[in-house]
Every structure is written in C-alpha cells, then in structure tokens.
Amino acid sequence: MDLREELPGDSEHVRDIHLRAFGDHGPVVADLVDTLRDTITPTGGLSLVAELDGRTVGHVMFTRSLLDAPRRLVEVQVLSPLAVVPEHQRHGVGSALVRYGLTALAERAVPLVFLEGDPGYYSRFGFARGDGQGFRKPSLRIPDGAFQVIGLPAYEPWMTGTLVYAEPFWRHDAVGLRDPGAQPA
Ligand SMILES: CC(C)(COP(=O)(O)OP(=O)(O)OC[C@H]1O[C@@H](n2cnc3c(N)ncnc32)[C@H](O)[C@@H]1OP(=O)(O)O)[C@@H](O)C(=O)NCCC(=O)NCCS
C-alpha cells in the first residue's frame, strides 16, 4: 500500500470513495470534501490517499478549525472524513491513513486533533473523549462519546476550551446528528 498526499487528478476518485463508503450519507460527505479541500494550504491541513495496485482505495482529510482557549484562539486540526472503499475495509488501510496523518501533523507542531467518530475505532490511535479533558464540543447534537481528541507533542495544558468548527462543516450541515423527527420551530 502507498500513502501519499492527494494530487489534483485524485479528486474524482476521492469523491467516489466517499460515495461508496458512506452510502446514503455519501453525497453530503463528498461535497464537504470538495469544499474543505480549498481550505488546505501547504502547511495547514492534509488530504491523504491510500493506493493499492495503482488504485485509490482510501482517503482521509485533516483541516483547520479553532479552539477557543482562555488565553487565545488556537489553531487545531479536525480529522474528517475518513473512508475506505467497502471491498478493502478491515485490511488496515484506514489505520495506516490515520497514523500517517497524525505523524505528519505532529511534525508540523499541530497541538490537537479533534474528530467525531466511534470510540471503538479511534481509541486505538490514542483518541479519547474530549469532554473529560477540558474540551467542549461544538454542538449538543454530537454524542459525548463521539467527541474525541488526541494531544500531539506541541500540546500545552492551557489549551482547553470549545472547539469551533471551520465554516464548511456548518455550510454542509455536517456536524453531529440531526433528529429526523424534529419539527421545525
Ligand atoms: C471506518 C473505516 C474508515 C475503517 O477503515 P478500515 O480500513 O476498514 O479499518 P482498519 O482495517 O484500519 O481497521 C479495522 C479495525 O477497525 C474496526 N472497525 C472498522 N470500522 C469500525 C467502526 N465503524 N467502528 C468500530 N470499529 C471499526 C474493525 O473491527 C477492525 O478491528 P480489528 O482490527 O480489531 O479487527 C472504514 O470501515 C469505512 O470507510 N467505513 C465507512 C465510512 C465511515 O464510517 N468512516 C468513519 C467516519 S468517522
């Protein structure tokens, strides 16, 4: 398996990975990726693909958000989304992408990486619940256990506070879980 940064010619393959991996939710995720990609700069954010036999089979994105800490706003990264095509799941592709990304972000002195996800999966990388560590989730619609964070070497104990998602997550309504039964006010 080869892991590398996404290149301009990869975007359709990346879209296809999310459409296939996320099912009904795929179009929202694929559109979110297309918007988040524009926020990535050479030193801020990361879009990684995994290739097997020349085929793009997995993708992960890390993008900039803010932590509203008492001392000042802190630039942090959010891992979202992560997907592997169904026929290559459970063979270590997702884990390799996450570990590769965390290593690269640690080298860039990123202090914290947040995500929304299943603790049963992400705990293996060192992610843990954010609410017990001085962090507040950006929406009440995120289940407490799903709001997770990992501190990298640049993390300092004063870095606590509320995670403020970058605007694309709100624009695409890709935060937390919506209650499909709720009536509009
Ligand atoms: C979640 C996903 C990215 C994992 O990638 P992967 O390459 O299949 O995972 P890996 O092979 O690295 O890891 C496999 C392990 O993760 C576990 N796992 C996979 N998906 C899981 C999930 N949703 N919840 C908990 N554990 C999960 C497997 O049981 C396996 O555990 P084991 O090693 O103890 O047997 C992939 O299954 C996927 O694309 N799913 C659909 C999209 C999605 O839900 N993305 C995550 C959004 S937060």
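## Basis

The model is predicted: local features need pLDDT of at least 70, side-chain atom pairs count only at pLDDT 80 or more, and totals for chains, interfaces and linings use all residues. Residues are numbered from 1 along each chain as its sequence is written.

## Annotated span

An unreviewed UniProt entry carries the annotation "domain: N-acetyltransferase" for residues 1-162. UniProt positions follow the numbering used here, feature names are shortened, and annotations may be inferred rather than shown by experiment. The span is 27% helix and 33% strand. Its end C-alpha atoms lie 37 Å apart. Helices (H or I, at least four residues) and strands (E, at least two) are DSSP runs, numbered from the N terminus.

## Nonpolar core

The largest nonpolar core has 44 residues. Such a core is a set of buried Ala, Val, Leu, Ile, Met, Phe, Trp, Tyr and Cys residues joined through C-beta atoms within 7 Å. A residue is buried if 20 or more other C-beta atoms lie within 10 Å of its own, exposed if 12 or fewer, and partly exposed in between; C-beta atoms are placed from the backbone. Helices α1 (11-22), α2 (26-37) and α3 (93-107) are among the elements that give two or more residues to this core. So are strands β2 (46-52), β3 (55-68), β4 (73-84), β5 (112-116) and β8 (147-151). The largest share, 7 residues, comes from β4.

V113 and F114 have the most contacts inside the core. Two residues are in contact if their C-beta atoms, placed from the backbone, lie within 7 Å. Not counting residues up to four places away in sequence, V113 touches F62, V76, Q77, L79, L102, L105, V149, I150 and L152.

## Helix pair α1 and α2

α1 and α2 pack at an angle of about 150°, with axes 8 Å apart. That makes α1 roughly antiparallel to α2. Axes are lines fitted to C-alpha atoms, for helices over the stretch in contact, and angles run from 0 to 180 degrees between N-to-C directions. Angles under 35 degrees count as roughly parallel, over 145 as roughly antiparallel, 65 to 115 as roughly perpendicular and the rest as oblique.

V14, R15, H18, L19, R20 and F22 are the α1 residues in this contact. On the α2 side they meet G26, P27, V29, A30 and V33.

## Backbone features

S80 and P81 are joined by a cis peptide bond, with omega about -10°. P81 sits in strand β4.

Phi of R90 is near 65°, a positive value in a residue other than glycine. R90 belongs to the loop between β4 and α3. It is exposed, with 9 other C-beta atoms within 10 Å. For A109, phi is near 65°, again positive in a residue other than glycine. A109 lies in the loop between α3 and β5. It is exposed, with 10 other C-beta atoms within 10 Å.

A106 lies in helix α3. It counts as partly exposed, with 16 C-beta neighbours inside 10 Å. Leaving out residues up to four places away in sequence, A106 touches L152 and P153.

P119 is in helix α4 (residues 119-122). It is partly exposed, with 15 other C-beta atoms within 10 Å. Its contacts, aside from neighbours within four places in sequence, are G145 and Q148. P119 and F147 are 28 residues apart in sequence and 8.7 Å apart in space, C-alpha to C-alpha.
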